[in-house]
Amino acid sequence: MGFSLTLFLILVSLPVILSQELNFAKIVVDGTTEIAETDDTYICATIDWWPSDFCRYGFCTWQNASAITMDLSNPLLAKTIQAFKRLRIRVGGSPEDQVIYDVGNPGKPCYPFQRKGNGLFGYTTGCLSMSRWDELNQFFSKTGAVVTFGLNALNGRHNQGILWLGDWDPSNAEALIKYTISKGYHIDSWEFGNELSGSGIGARVEAAQYAKDLIILKKIMNELYWKSSFKPKLVAPGGFYDKNWFNRLLQDSGSGVVNIVTYHIYNLGPANDRNLVNKILDPSHLSNSILGTFTDVEQTVQEHGPWASIWVGESGGAFGGGAPNVSDRFVNSFWYLDQLGMAAKHNTKVYCRQSLVGGNYALLNRTTFEPNPDYYSALLWHRLMGTGVLEVDTDASPELRIYAHCSKGRGGVTLLLLNLSKQSEFIITVYNRVNVNMQGKKSILLKRSSKFGHKQKNSRDKKKKASDGLSYREEYHLTPKDGDIQSQTSVLNGNPLNVTNGELPILHPVLNDDNSPIYILPLSIAFIVIPNFEAPACA
């Protein structure tokens with residue numbers, strides 16, 4: 001039955017195949033040494049604070065999508081998080097520094113966000129009630145989420161235009177942390193402020209003042225958690241990278257104060273840019289628009305904060321809420337997965353995607369909570385790509401983006417292949433650097449064979465491995481429904497990924513003989529798991 005289906009698919013797609021360019025490519029994976037390492041919770045999603053009536057570029061996409069208004073009782077929402085087992089959730093975003101916590105003595109009335117012409121981002125302060133904080137923490141506990149919570153870093157300050165002056169008032173944040181500890185809620189890390197670094201977005205604070213306030217917050221955290229066996233980390237500054245500002249922050253705050261340095265990325269530009277699809281499919285833009293920042297942040301931390309880890313604390317591709325029909329479509333996964341691959345190579349421990357729900361760049365549909373294509377891309381990364389990052393060499397054209405990690409939870413390696421070409425199909429041979437070094441030549445692991453005589457095996461055929469003596473690799477090929485890269489449906493190995501009767505689809509691989517080549521179609525994505533690849537770094 002499987003062979004008949006494969007033959008049928010080949011015959012119906014034969015005209016398309018014949019019109020494509022066939023390109024042979026070699027990949028050499030060095031499994032002897034990890035070049036970087038991520039956290040196990042590398043995949044992260046954000047929950048923002050935007051009010052339901054917030055609009056940008058003519059799109060109002062935050063209805064019932066914030067930490068205050070999201071429907072936490074929806075069973076599909078819970079299932080999408082539980083599918084990761086441990087998905088990191090960052091609660092934070094632009095209105096974060098206007099949120100008052102209704103606990104202790106807040107010092108000002110705790111009302112919902114309301115429109116205000118001269119307010120920050122056009123709003124008054126908002127309110128987080130403790131009943132809602134209870135609901136959020138119960139939801140996080142039920143779904144297994146690992147939580148990073150962003151604290152209001154503007155409380156107590158006054159502004160002169162965009163610059164905010166004066167000392168931070170920690171009393172409201174301290175009251176929230178005390179309440180959180182008293183209830184036994186587990187917050188993995190506390191983040192201080194949102195996009196206040198450098199020139200700021202809407203507001204900014206000088207680095208020297210920010211460092212002074214971080215020292216105070218760290219002291220409060222140490223005092224409040226001194227009896228606890230668990231010590232949450234302090235995360236900062238959660239803004240756009242400015243070299244001088246970040247350097248000064250780390251120098252002035254001193255060793256061990258900031259545990260995690262976070263910065264934000266929106267390297268596709270504004271959401272109303274009509275050239276976004278071309279940017280995403282342009283390998284030079286994918287690299288040149290962000291590679292320098294990855295390198296500079298890594299250097300800043302090495303020189304001025306070697307005790308700290310690096311996170312991308314927020315990234316949504318196109319700023320301003322994401323672009324409709326792009327940020328929530330299959331094509332965006334080329335940008336998203338490429339970002340995950342590049343960031344990991346530069347010692348990024350966590351990469352937070354804006355957003356889980358809300359905006360056009362959400363992983364989930366705002367009203368139904370059904371996953372958009374990037375959700376499945378993130379889930380496959382989380383399940384297949386281990387923490388160890390490996391070096392890869394290739395003779396392929398730049399349109400084939402390649403990343404390699406140790407496989408997750410088992411031996412061997414996993415490749416991520418992104419084919420940005422509209423015309424070229426790649427036929428890939430994988431080599432092992434171990435064999436190159438031992439034998440002085442490239443030892444072929446996966447040999448070319450006839451595509452039309454090759455039979456794919458469903459993962460349910462795994463039991464045959466022992467009896468037929470063959471060794472298989474797992475392949476997860478993602479393509480857009482009907483070949484439309486702006487489709488909102490991803491297709492995995494020929495099967496559309498849709499929610500059925502409230503249940504997420506099972507992500508089955510196909511099994512292919514290790515001695516066969518890897519084929520990747522134009523404008524497609526593939527995760528290739530090679531369990532028998534000799535990689536001492538992954539042992």
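The torsion about the S-S bond of Cys-44 and Cys-352 is about 85 degrees, so this disulfide is right-handed. A disulfide here is a pair of cysteine sulfur atoms within 2.5 Å.

Before I go on, a word on the model. It is a predicted model, where local features need pLDDT of at least 70 and side-chain atom pairs count only at pLDDT 80 or more, while totals for chains, interfaces and linings use all residues. Residues are numbered from 1 along each chain as its sequence is written, and side-chain values use heavy atoms, with hydrogens and water left out.

Back to Cys-44 and Cys-352: the S to S distance is 2.1 Å. Cys-44 sits in strand β3 (residues 43-47) and Cys-352 in strand β16 (residues 348-353), so the bond ties together parts that are 308 residues apart in sequence. Strands are DSSP runs of E, at least two residues, and helices are runs of H or I, at least four residues, both numbered from the N terminus. Are these two cysteines buried or exposed? Both Cys-44 and Cys-352 are buried; that means under 20% relative accessible area, with exposed being over 50% and partly exposed in between, using a 1.4 Å probe and protein chains only.

How many disulfides does the structure hold? It holds four. Counting bonded cysteines along the chain, the pattern is 1-6, 2-3, 4-5, 7-8.

Next, Cys-110 and Cys-127, with sulfur atoms 1.9 Å apart. Their S-S torsion is about 100 degrees, so this disulfide is right-handed. Cys-110 is in the loop between β5 (99-102) and β6 (126-129), and Cys-127 is in strand β6, 17 residues apart. Cys-110 is buried at 19% relative accessible area, and Cys-127 is buried at 14%.

Then Cys-406 and Cys-538, S to S 2.0 Å. Here the torsion is about -80 degrees, so the disulfide is left-handed. Cys-406 lies in strand β18 (residues 400-407) and Cys-538 in the segment after β27 (524-530), so parts 132 residues apart in sequence are tied together. Cys-406 is buried at 6%, and Cys-538 at 14%.

Last, a helix pair. Helix α3 (residues 75-82) and helix α4 (residues 130-143) pack at about 50 degrees, their axes 9 Å apart. Axes are lines fitted to C-alpha atoms, for helices over the stretch in contact, and angles run from 0 to 180 degrees between N-to-C directions. That makes α3 oblique to α4: under 35 degrees is roughly parallel, over 145 roughly antiparallel, 65 to 115 roughly perpendicular, and the rest oblique.
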